[in-house]
Amino acid sequence: MENSVEQTLGIAKGISEYGILIIIAAVFLLLSSVLMITCFKWFKTIIERAMNDYSKDIKDCIEIAKKNSEVIIDISEGIIPETQLRIKNISGVYFDLAIEKVCRIIKKVREENHICDRDATRIKIRSLLTNLHNDRLSRFDCFTYRGKKLSFYCNREWVEWVATIVENEIYDETGVNNRRAFTNVSMVYERIKLDMYDRLNTL
């Protein structure tokens with residue numbers, strides 16, 4: 001009888017002890033899992049933050065490099081006198097050609113238009129000169145100065161400057177004088193050249 005009691009108590013004691021161990025083990029596993037998940041999330045946050053900072057730094061470096069490149073181009077083109085000399089030579093050819101074309105426009109408008117209608121003549125003159133100006137701009141777009149297309153340094157007011165000279169020649173009371181027309185058109189294009197060279201150094 002005593003043996004049976006002892007055996008029963010031993011079994012109960014074993015179950016009790018193993019039950020505590022199982023609970024302790026379960027708690028340990030649970031805490032370990034929570035700790036591991038927390039650590040993973042923490043590491044993930046650190047890695048994401050580092051990658052974001054790295055990406056931002058890369059973008060900043062690219063932006064700085066781009067700005068430095070623009071400054072270098074600006075300085076290198078601005079300090080070399082040959083660059084402006086080349087531009088003056090190239091633009092001078094187009095402006096000299098424009099003088100001949102404008103003189104032909106004067107002759108054409110005189111011969112083909114009913115110049116008594118001043119408003120219609122005025123519109124046609126500006127239309128022809130605008131076409132001439134835009135054609136020159138499209139050719140200047142092939143060249144750059146200080147990182148900008150050469151057409152950037154052109155002035156839309158040039159059309160009006162030339163139009164005024166053309167109108168004055170067409171309606172001059174002393175009559176047709178091709179030499180005078182050539183001289184006056186040449187003068188306005190000299191003014192245009194100087195305006196462009198000034199814009200090269202100020203814009």
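Student: In this predicted model, does Lys-193 count as buried or exposed?
Tutor: The cut-off that decides the matter is that buried means under 20% relative accessible area. Lys-193 has a relative accessibility of 11%, and because that value falls under the cut-off, Lys-193 counts as buried.

Student: Which residue forms a salt bridge with Lys-193 at 3.1 Å, and in which helix does that residue lie?
Tutor: The closest N and O atoms of the pair are 3.1 Å apart, and the partner of Lys-193 is Asp-96, a residue that is partly exposed with a relative accessible area of 39%.

Student: How many residues apart are Glu-167 and Arg-126, whose side chains meet in a salt bridge?
Tutor: The N to O distance of this salt bridge is 2.7 Å, and both Glu-167 and Arg-126 are buried. Glu-167 sits in helix 4 and Arg-126 in helix 3, and the pair links distant parts of the chain, the separation being 41 residues.

Student: What separates Asp-135 and Arg-139 in terms of helical turns?
Tutor: The side chains of Asp-135 and Arg-139 meet in a salt bridge at 3.0 Å, N to O. Asp-135 is partly exposed at 29% relative accessibility, and Arg-139 is partly exposed with a relative accessible area of 37%. Because the two residues are 4 apart within helix 3, their separation is about one helical turn.

Student: Is the ring pair of Tyr-94 and Phe-140 stacked, tilted or edge-to-face?
Tutor: A pair of aromatic rings is described by the distance of the centres and the angle of the planes. The ring centres of Tyr-94 and Phe-140 are 5.6 Å apart and the planes stand at 80°, and planes over 60 degrees apart count as edge-to-face. Tyr-94 is partly exposed at 23% relative accessible area, whereas Phe-140 is buried at 0%. The angle therefore makes the pair edge-to-face.

Student: What is the angle between the planes of Phe-95 and Tyr-189?
Tutor: Phe-95 lies in helix 2 and Tyr-189 in helix 5, so this pair ties together parts that are 94 residues apart in sequence. Phe-95 is buried at 0% relative accessibility, and Tyr-189 is buried at 2%. The pair is tilted, with 6.2 Å from centre to centre and an angle between the planes of 40°.

Student: How much accessible area does the nonpolar surface patch containing Met-51 have together?
Tutor: Met-51 lies in helix 1, which covers residues 2–78. The patch is formed by Trp-42, Phe-43, Ile-46, Ile-47 and Met-51, and its accessible area together is about 550 Å².

How values were computed:
Residues are numbered from 1 along each chain as its sequence is written. This is a predicted model: local features need pLDDT of at least 70, side-chain atom pairs count only at pLDDT 80 or more; totals for chains, interfaces and linings use all residues. Side-chain values use heavy atoms; hydrogens and water are left out. Patches are made of residues with over 30% relative accessible area and no salt bridge: like charges are joined within 9 Å, nonpolar side chains (Val, Leu, Ile, Met, Phe, Trp, Tyr) within 5 Å. Accessible areas come from the Shrake-Rupley method with a 1.4 Å probe; for residues, only the protein chains shown count as cover. A salt bridge is a side-chain nitrogen of Lys or Arg within 4 Å of a carboxyl oxygen of Asp or Glu. Rings of Phe, Tyr and Trp (its six-membered ring) pair if their centres lie within 6.5 Å; planes under 30 degrees apart count as stacked, over 60 as edge-to-face and the rest as tilted. Buried means under 20% relative accessible area, exposed over 50%, partly exposed in between (1.4 Å probe, protein chains only).
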